[in-house]
Amino acid sequence: MIHPEQSLSLEVRKRPSRIHENIVDRLYLCGVYLFLTVCLIIVAYPLIYIVSSSFSSSSAVISGKVWLLPVEPTLRGYKAVFQNPQIVTGYSNSLFYLFFGTLLSVILTITAAYPLSRKSFYGRNVITALFIFTMLFNGGLIPYYLTVKGMGMLDTRWAMIIPGAISVWQVILARTFFQTSIPSELTEAAHLDGCSDFKFLLRIVIPLSKPIIAVLVLMYAIGYWNSYFEALIFLKSAKLYPLQLILRNILILNSIDPTMVKDVKELADRQGLKELLKYSLIIVASAPVLILYPFVQQHFVKGLLIGSLKG
Amino acid sequence: MGSKRTGRTWVSAVLIVFIAMFAIGCTSNSEVPAGSSTSPSGTGSTGGGADFNATGFPIVKNKIEMSAFAPQSANIADLNTNWFTKYLEGKTNIHLNWQLVPGETAALNEKKQLLLASGDYPDIFMQGNLTKEEQLLYGQQGVLLPLNKLIDQYAPNIKQAFKDIPYLEKAITAPDGNIYAIPSVNECYHCQFSAKMWVNTKWLQKLGLSAPKTTDDFYNMLKAFKEKDPNGNGKADEIALTGSPTGWHTDVESFIMNAFVYYNADNNYFMMNGGKLGTSVDQPGFKKGLQFLNKLYAEGLIDKEAFTQKSDALSQKGNSPDVAIAGAIPAGWFGEFTDASPTATRHKDYDPIAPLTGPDGISFTPHYIGIGNSVFAVTNKNKNPEAAIRLADYLYSDEGTTLSNFGEEGRNWVKAEATDKNTRGTAAKFKVKETSYGVGQVQNDHWNQMGPGLRSSEYRETAYTASQDIYSMDGLETRLYKATKELYEGHQPKEEFPTDIFLTNEQANQVKQLKPIITDYVKQSMLQFIMGAKSIDKDWDAYVKGLKDSGMDQFIQIYQDAYDKMNKKK
């Protein structure tokens, strides 16, 4: 079926070509394109630079020979990244947290947001208020740590997924979406036909809510991929570390503490490691999010707008 | 009507529950440290248990376990399977359960503070980066055990170190007379004199100049660098003097200012005179130094970006393609500004110069000496503190230090041959093998200077081999050692304020407030004077007054009190 909004937007897009453009309009358009091109260059250049640097030899990079295209092309950086056991375990851990964390988070968020969006749900304002309360107040770091410890989640994969499984912000976003796009008449109609609440959620609400689910997936996924602090606090075994911890470990060279200089050659080694891995590591580490984005991007703007404008 | 009423009671009930929970949360939060300090530990009462050996190995007859906090640095594959961890377990019969953090200082500190504050700390800190303040705070709370008696009874190597290194025991003894944590001693001789100035010697030769001795020579040299095209490419692309505020002593001020007044930014700008503490930054010499720096800056001899650029930008200048463009760069070692990989050659053009002599005959170099933060501590959760201290004592032995820092004999290092020389140029004891892992790879053989250890200057300079070819990468230590010995030693002031000084908690809190204000003010004012935003003649008095207003006198008094207290006891 054709979405009514889709055909409308097509018409909007066609309209300018039918109107005669005068010189001022064209000049204006040229200016806009020029401006956008400059913007594109500003945004794209650092990315291109990093990609080129990742394929260049590290000596070419530190002497500033690389400015657009790779110089002395080599795959040494990538080879070193994939030979480093810490990076490989960190990478698979991060993918694990990303996949299962996002899955759990999206399920929990929808099951929390949908009932809260129904006017017939008794006490929904109180529950929403309690949700919001946790946005404004929290127990602080040490009670948080002790809670997680008390639940026996310290140094387990659960600690990376459970404590931050629900973001109240996302629940509110989803709730607003359900409120505005799933009319209560639809629920009534479904009930009349003998549909249970769960079936309604599964068969009708979720298929109608692709934009908001895309938003949730992307935001949670990025959150899990970037999560650093939970790992730092709750994990004690290096084999559970996500990529971000290892990244920071390698890329942020400790500020030099003279009492800790073993021999200067070791400094050189560490600097070499950093230079060698820096750019390839950045590419490898941003790849999953960069890959994920185009698939959900088409829904993204719509989902966010509905959540925010009509909220 | 009825439903609204129940709704309201509902809300108030929930609120009451919440407030109650909140209150409980608050109290239990504040109780945590106190609760942990009262937890029974049986310190020393067990006498180490029946199967503890006071001397010899293994330390315990039946295997015991200890949880140990440590950072795992980026170039160690896995501390659990590390060769030295296994060797140590075999030797001592103590199994270490690692509680790891990433090997980066900020992460380590955050986790350490959380563990200590929440009461969920391990049996020992193998590498805790424990500040003096933390040692005192958690020592007096009873979390960290006092180690004096344990060291006296069970740790001959640590006791010997106290005798050999005169300042060591004083530096780690808290004002209450207890030692709560043990440092990793690493007497890096060239690091103590690391405010070095590296000058492009090739350029000097080309221009027919000798290494500058006075500030006037230095000025003339920079002028020649800038104007006479020493790199010979026909372009005026030379940067006479550059630096960066972020690298290892790559700041331009430290080296130059010491030709006018003793200036040590790492030690709060302190200078000592007859047991009385003062600051360098209100001295007439400091004013003259600023005038000189201002002159260099105004004539374009100092790189305009030298006070703002990051280390990466500095090394791009140092590594300029084709020809060198940087003339003089201050740095702890040349790797701060130019490529130090084994195939690099640019660094061979740069040599350090001796501290300059100013117009008043002053010629200092900042002296960076100190033990720093301690690494090893035993907590009150530890059931075998005697075994723990013997473990640390083993790491302080020659054998323990060598194995934990360099790995297995035969595989990672071999006994030296008669022709092998050490940094000092005398016969070395062992030779570290060219490692198979190299740059970009991680190793799993040793702890790479994590944990306690004793690397005295004697050990560092005589034990292992170093190439005598100072321009090779293997000769790096020799190069820095020689430069320090020949050029920098002797320029440190006769009287110095110790960097390792314990403050009481109250003093520490005051310092925490004052120090950033003072440091920011001094740094900012220096830049304004040097770059000409403020006139040294007109605004000097206002600057000195501002220094007083930012609490400099109080700041000095705090340290003077702590210093007097420390000296009274001895």
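Chain B and chain A bury about 5200 Å² between them, and 58% of that area is on carbon and sulfur atoms. The model is predicted.

**Interface of chain B and chain A**

- The contact draws 67 residues from chain B and 58 residues from chain A.
- Three salt bridges cross the interface of chain B and chain A.
- Asp312(B) and Lys278(A) meet through their side chains in a salt bridge, at 3.5 Å from N to O.
- On the chain B side, α1 (2-38), β2 (94-102), α3 (105-118), α8 (189-192), α13 (311-318), α15 (398-406) and α17 (476-488) each supply at least two residues that touch chain A.
- Helix α3(B) gives the most to that side, with nine residues.
- By class, the residues of chain B that touch chain A divide into 31 nonpolar, 24 polar and 12 charged.

**Salt bridges**

- Over all chains, the count comes to 24 salt bridges.
- Lys112(B) pairs with Glu134(B) in a salt bridge, with the closest N and O atoms 2.9 Å apart.
- This pair links distant parts of the chain, 22 residues apart: Lys112(B) is in helix α3 of chain B, and Glu134(B) is in helix α4 (residues 132-141) of chain B.

**Helix pair in chain A**

- Helix α9 (residues 168-181) and helix α12 (residues 210-226), both of chain A, have axes that come within 10 Å and cross at roughly 175°.
- The crossing angle is over 145°, so α9(A) is roughly antiparallel to α12(A).
- From α9(A), the contact uses Trp169(A), Gln170(A), Leu173(A), Ala174(A), Phe177(A) and Phe178(A).
- From α12(A), the contact uses Pro211(A), Ile212(A), Val215(A), Leu216(A), Met219(A) and Tyr220(A).
- The residues of this contact divide into 11 nonpolar, one polar and no charged.

**Backbone features**

- Most residues other than glycine have a negative phi, and most peptide bonds are trans.
- The peptide bond from Phe57(B) to Pro58(B) is cis, with omega near -5°.
- Pro58(B) sits in the loop between α1 and β1 (64-72) of chain B.
- Asp155(A) is not a glycine, yet has a positive phi of about 60°.
- Asp155(A) lies in the loop between α7 (141-150) and α8 (158-161) of chain A.

Methods
Residues are numbered from 1 along each chain as its sequence is written. Chains are lettered from A and ligands numbered from 1 in the order in which they are written. This is a predicted model: local features need pLDDT of at least 70, side-chain atom pairs count only at pLDDT 80 or more; totals for chains, interfaces and linings use all residues. Side-chain values use heavy atoms; hydrogens and water are left out. Axes are lines fitted to C-alpha atoms, for helices over the stretch in contact, and angles run from 0 to 180 degrees between N-to-C directions. Helices (H or I, at least four residues) and strands (E, at least two) are DSSP runs, numbered from the N terminus. Angles under 35 degrees count as roughly parallel, over 145 as roughly antiparallel, 65 to 115 as roughly perpendicular and the rest as oblique. Contact means heavy atoms within 4.5 Å. Ala, Val, Leu, Ile, Met, Phe, Trp, Tyr, Cys and Pro count as nonpolar, Asp, Glu, Lys and Arg as charged, and the others, Gly among them, as polar. Buried area is the accessible area (1.4 Å probe) that two parts lose on being put together, summed over both. A salt bridge is a side-chain nitrogen of Lys or Arg within 4 Å of a carboxyl oxygen of Asp or Glu.
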